[in-house]
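Student: I would like to go through the ring pairs and helix contacts of one model. Please keep it brisk.

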Amino acid sequence: MYRRSALGGAITALATVAAGILVAAAASTAPAAAATAGTGTGYLHTNGNKIVDSTGATVRITGINWFGMETDNKTFHGLWSTNPWKGQIDKMASLGYNTLRVPYSNDALKPGATASGINDFVNPDLVGLSPLQILDKVIDYAGGKGMRVILDRHRPTAAGQSPLWYTPTVSEATWINDWKMLAQRYAGNTTVIGADLHNEPHAEGTNPAATGACWGCGDPARDWRLAAERAGNAILSVQPNWLIFVEGVSCPSGGLSNVWDGDPSNDEDCGWWGGNLTKAKDFPVRLDVPNRLVYSPHEYATSVFEQNWFKSPDFPANLPGIWDKYWGYLHKQNIAPIMMGEFGSTLADPRDKVWLEKLMAYTGTGVDGMSFTYWSWNPNSGDTGGIALDDWTNINTTKQAILQPYLIAPVGGGGPTGTPTVSPTSSPPPAGGCTAAYRQVNAWQGGFQGELTVTNTGTGTVNPWQVTWAWPAGVTLASGWNATVTQSGSTVTAAAPTWAGALAPGASVTVGFTANGTASAPGTVRLNGVAC
């Protein structure tokens with residue numbers, strides 16, 4: 001588990017992967033194509049408090065964190081589940097998340113690093129790949145769906161987070177050189193839009209003997225603002241098109257307050273780890289390439305730590321003022337864009353639901369709202385849970401319902417999901433019929449993975465489309481993608497997502513799934529009631 005202190009943050013528990021899950025480790029993928037429309041065209045830059053694309057159009061990042069590459073597994077968590085990695089990205093995109101924030105540790109970048117915790121029956125295409133090669137594939141696939149990727153140096157090593165950007169075993173030079181390597185690796189790949197330089201710099205030691213990350217104190221060994229400039233400019237020297245995401249600290253002095261010493265000069269207002277940007281106006285991060293800086297605070301709820309403002313008698317009316325003070329002023333005063341890199345909660349405490357609703361309203365609606373990446377997709381984040389439930393397939397509908405109005409889906413990736421109803425007026429049967437082709441992708445003891453491709457051979461567009469098929473007794477659906485896939489008795493229904501509801505004459509749709517039971521081809525396939 002890694003921990004954000006009482007002053008600074010979250011406790012994020014990492015699941016222990018069950019023994020016997022097979023390992024993946026070595027092969028490479030091609031760069032992803034440029035993202036378009038929902039997340040803009042070409043590389044992104046800043047204009048005042050906005051993030052804009054190469055045409056000047058405003059882009060709002062509404063993304064999600066998928067962690068694991070920063071842990072001992074050195075790759076994405078949930079690859080041990082029955083939901084294939086592509087199916088998980090499909091689901092994220094269909095829900096409206098247009099960006100992936102990918103935490104990593106420098107251990108995962110070392111030559112010979114090995115990825116573990118991968119179910120090779122479900123993800124045979126990841127077998128033998130290194131952590132970086134798996135990252136290549138995720139970037140390539142996400143980019144094909146119109147998503148963007150932000151890389152987040154989450155930890156120096158898999159052992160845990162650090163208050164400073166370097167440790168006795170991972171130097172500042174290693175930190176910067178690894179960033180330059182990643183910038184060069186993905187040069188020309190507009191899916192990868194930037195670097196979140198170091199996760200949650202925070203205080204350590206008791207004032208006046210501070211040893212943690214400060215902001216504006218002028219000590220090169222502790223001043224996070226100066227370190228962010230060094231790393232940011234090094235990255236921009238090899239990749240001038242990237243955005244540089246800079247988090248805050250917890251206490252600007254870099255030390256914890258000693259409230260017992262009777263000296264108020266040593267006491268200060270501290271916030272979440274990475275969440276305090278109160279000094280950024282007076283001591284801004286200065287980059288050699290203009291219009292590349294995005295401030296990226298973190299914000300959490302009581303499931304992480306009970307900050308004093310949650311106990312205030314004027315809660316929740318006090319929250320906007322708290323956010324204004326720590327980071328929101330940067331957006332409101334048009335100083336720089338805000339991209340909340342992490343925020344989340346289990347919602348177990350009723351106050352947390354209020355907090356999340358207020359926070360999302362604070363960010364604003366539509367494309368002009370503040371950007372964010374929710375923590376997290378993973379259900380195994382101990383103090384927040386995830387959008388995905390424990391099966392890594394179904395979702396937490398309570399959380400998603402709060403976030404949904406603020407999500408701007410990637411074009412080609414999806415939007416708010418639902419199960420469209422088929423009616424004679426909106427969904428006519430395909431005049432002329434359809435064809436169906438089935439491919440078994442994989443099989444293992446007790447289950448299998450397949451793809452069913454249905455082509456509209458008729459003369460009219462089917463909108464919305466719906467595919468049904470029958471399975472023999474004992475075969476049950478585990479997960480599905482590219483449609484809303486459900487099962488009732490022996491009948492499986494794949495309903496069109498709202499982002500791809502129409503099936504034109506000659507067009508095809510491929511529905512992917514995993515299932516429990518003996519491998520079986522779909523029988524009695526129908527498109528909107530017409531047998532194929």
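Student: Which residues do ring pairs link into a cluster with W272?

Tutor: The model is predicted: local features need pLDDT of at least 70, side-chain atom pairs count only at pLDDT 80 or more, and totals for chains, interfaces and linings use all residues. Residues are numbered from 1 along each chain as its sequence is written, and side-chain values use heavy atoms, with hydrogens and water left out. Rings of Phe, Tyr and Trp (its six-membered ring) pair if their centres lie within 6.5 Å. Ring pairs join W272 to Y300, W309, F310, F315 and Y326.

Student: How many aromatic pairs does a search of the whole structure find?

Tutor: The search covers the whole structure. The total is 26 aromatic pairs.

Student: What kind of pair do the rings of W165 and W175 form?

Tutor: Planes under 30 degrees apart count as stacked, over 60 as edge-to-face and the rest as tilted. The ring centres of W165 and W175 are 6.4 Å apart, and the planes stand at 40°, so the pair is tilted.

Student: Where in the chain are W165 and W175?

Tutor: Helices (H or I, at least four residues) and strands (E, at least two) are DSSP runs, numbered from the N terminus. The pair links distant parts of the chain, 10 residues apart. W165 is in the loop between strand 8 (148–155) and helix 3 (172–185), and W175 is in helix 3.

Student: Is W309 buried or exposed?

Tutor: Buried means under 20% relative accessible area, exposed over 50%, partly exposed in between (1.4 Å probe, protein chains only). W309 has 9% relative accessibility, so W309 counts as buried.

Student: At what angle do the axes of helix 3 and helix 4 cross?

Tutor: Axes are lines fitted to C-alpha atoms, for helices over the stretch in contact, and angles run from 0 to 180 degrees between N-to-C directions. The axes of helix 3 and helix 4 (residues 224–238) come within 9 Å. They cross at roughly 35°.

Student: How many nonpolar residues are in the contact of helix 3 with helix 4?

Tutor: Contact means heavy atoms within 4.5 Å. Ala, Val, Leu, Ile, Met, Phe, Trp, Tyr, Cys and Pro count as nonpolar, Asp, Glu, Lys and Arg as charged, and the others, Gly among them, as polar. Residues that meet include W175 and W179 in helix 3, and W224 and A227 in helix 4. The contact of helix 3 with helix 4 has 1 polar residue, 3 charged and 10 nonpolar.
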